[in-house]
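Hi everyone, and thanks for coming along. I'd like to walk you through one protein model today, so please have a look at the screen.

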Amino acid sequence: MLMRTDPFRELDRLSQQMFAGVRGTLARPSVMPMDAWRDGDTFRVEFDLPGVRPESIDVDVERNVVTVRAERPGFDEDREMVASERTRGVFSRQLMLGENLDTDRIEATYDAGVLSLSIPVAEQARPRRITVTTGTGGSTVQGLTTGAEDSTIQGSTVEQEHRELVNA
């Protein structure tokens, strides 16, 4: 479902936490924490973005890559800060999705500081039941497969090919 390709992402996040005063910039955005899981036929992802205005959130999809960007504005520079632990500036995260997800039907909602993405599993990736008939006797076997639409396999043809291979 979700492919992680940047092994240094967690190291970057740890170093940013150590240097809490560092602002995310367009050239080097801060990462945002996320959770991802599969819920039936839907893949769900949640990003923590407290204090971010909804109009600053940008979700883009290009092929199988989802990019989420947001910005939490900084404080006035003339303000004397007593504590500043929350990261400010630009946040960005890219997710490489598997081909079995339907990126044309992604839905995004933002509530209580959490951005939620719902990504449905593509129709062709869902399990399908196929009917297998054998010979002219009319017996039917039900099978479960992943792939295209329901199919029928004529048993007599398969049996004949099997006999030809055994006798060869």
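Let's start with arginine 86, which counts as partly exposed because its relative accessibility is 46%. On that scale, buried means under 20% relative accessible area, exposed means over 50%, and partly exposed is in between, with a 1.4 Å probe and protein chains only. Arginine 86 sits in the loop between strand E5 (65-72) and strand E6 (89-97). From arginine 86 to glycine 74 it is twelve residues in sequence and 10.0 Å in space, C-alpha to C-alpha.

A quick word on where this comes from: it is a predicted model, in which local features need pLDDT of at least 70 and side-chain atom pairs count only at pLDDT 80 or more, while totals for chains, interfaces and linings use all residues. Residues are numbered from 1 along each chain as its sequence is written, and side-chain values use heavy atoms, with hydrogens and water left out.

Now the overall picture. How many helices and strands does the protein have? There are two helices and eleven strands. Both kinds of element are DSSP runs numbered from the N terminus: helices are H or I with at least four residues, and strands are E with at least two. Read from the N terminus, the order is β-α-β-β-β-β-β-β-β-β-β-β-α.

Of the 168 residues in the protein, 27% are buried. The protein exposes about 11600 Å², and carbon and sulfur atoms supply 49% of that; these areas come from the Shrake-Rupley method with a 1.4 Å probe, and for residues only the protein chains shown count as cover. Among contacts with a separation of 6 or more, 46% are between residues 24 or more positions apart, where a contact means heavy atoms within 4.5 Å.

On to the strands. Strands of a sheet pair through backbone hydrogen bonds, in a parallel or an antiparallel way. Here, two strands pair if DSSP finds at least two bridges between them.

Please find the open sheet of four strands, with the order E2-E3-E8-E7 and antiparallel pairing. Strand E2 (34-39) and strand E7 (107-111) are at the edges with a single partner strand each, so one side of each has no neighbour in the sheet. On average, neighbouring strands of this sheet are turned by 15° against each other, direction ignored; the axes are lines fitted to C-alpha atoms, for helices over the stretch in contact, and angles run from 0 to 180 degrees between N-to-C directions.

Within that sheet, strand E3 (residues 42-48) and strand E8 (residues 114-120) run antiparallel and are joined by seven bridges. Which residue in E8 stands opposite arginine 44? That is serine 118.

Let's move to E4, E5 and E6. Strand E4 (residues 58-62) pairs with E5 over five bridges, in the antiparallel sense, and valine 61 has valine 66 in E5 as its bridge partner. E5 is also joined to E6, by eight antiparallel bridges. Across that pairing, threonine 67 stands opposite glutamine 94 in E6.

The hairpin of E4 and E5 has two residues between the strands, and arginine 63 there takes a positive phi near 55°. Most residues other than glycine have a negative phi. Is arginine 63 buried or exposed? It is exposed, because its relative accessible area is 74%.

Alanine 112 also has a positive phi, of about 55°, although it is not a glycine. You'll find alanine 112 in the loop between E7 and E8. It is exposed too, with a relative accessible area of 75%.

Last topic: charges. Side chains of opposite charge can pair when their charged atoms come close. A salt bridge is counted when a side-chain nitrogen of Lys or Arg is within 4 Å of a carboxyl oxygen of Asp or Glu, and there are five by this rule.

Let me show you some of them. Aspartate 41 meets arginine 38 at 3.8 Å, N to O; aspartate 41 is partly exposed at 37%, and arginine 38 is partly exposed at 43%. Arginine 69 pairs with aspartate 60, their closest N and O atoms being 3.5 Å apart. Arginine 69 is partly exposed at 36%, and aspartate 60 is partly exposed at 32%.

Then there is aspartate 102 with arginine 105, where the closest N and O atoms are 3.3 Å apart. Aspartate 102 counts as buried because its relative accessibility is 19%, whereas arginine 105 is partly exposed at 45%.
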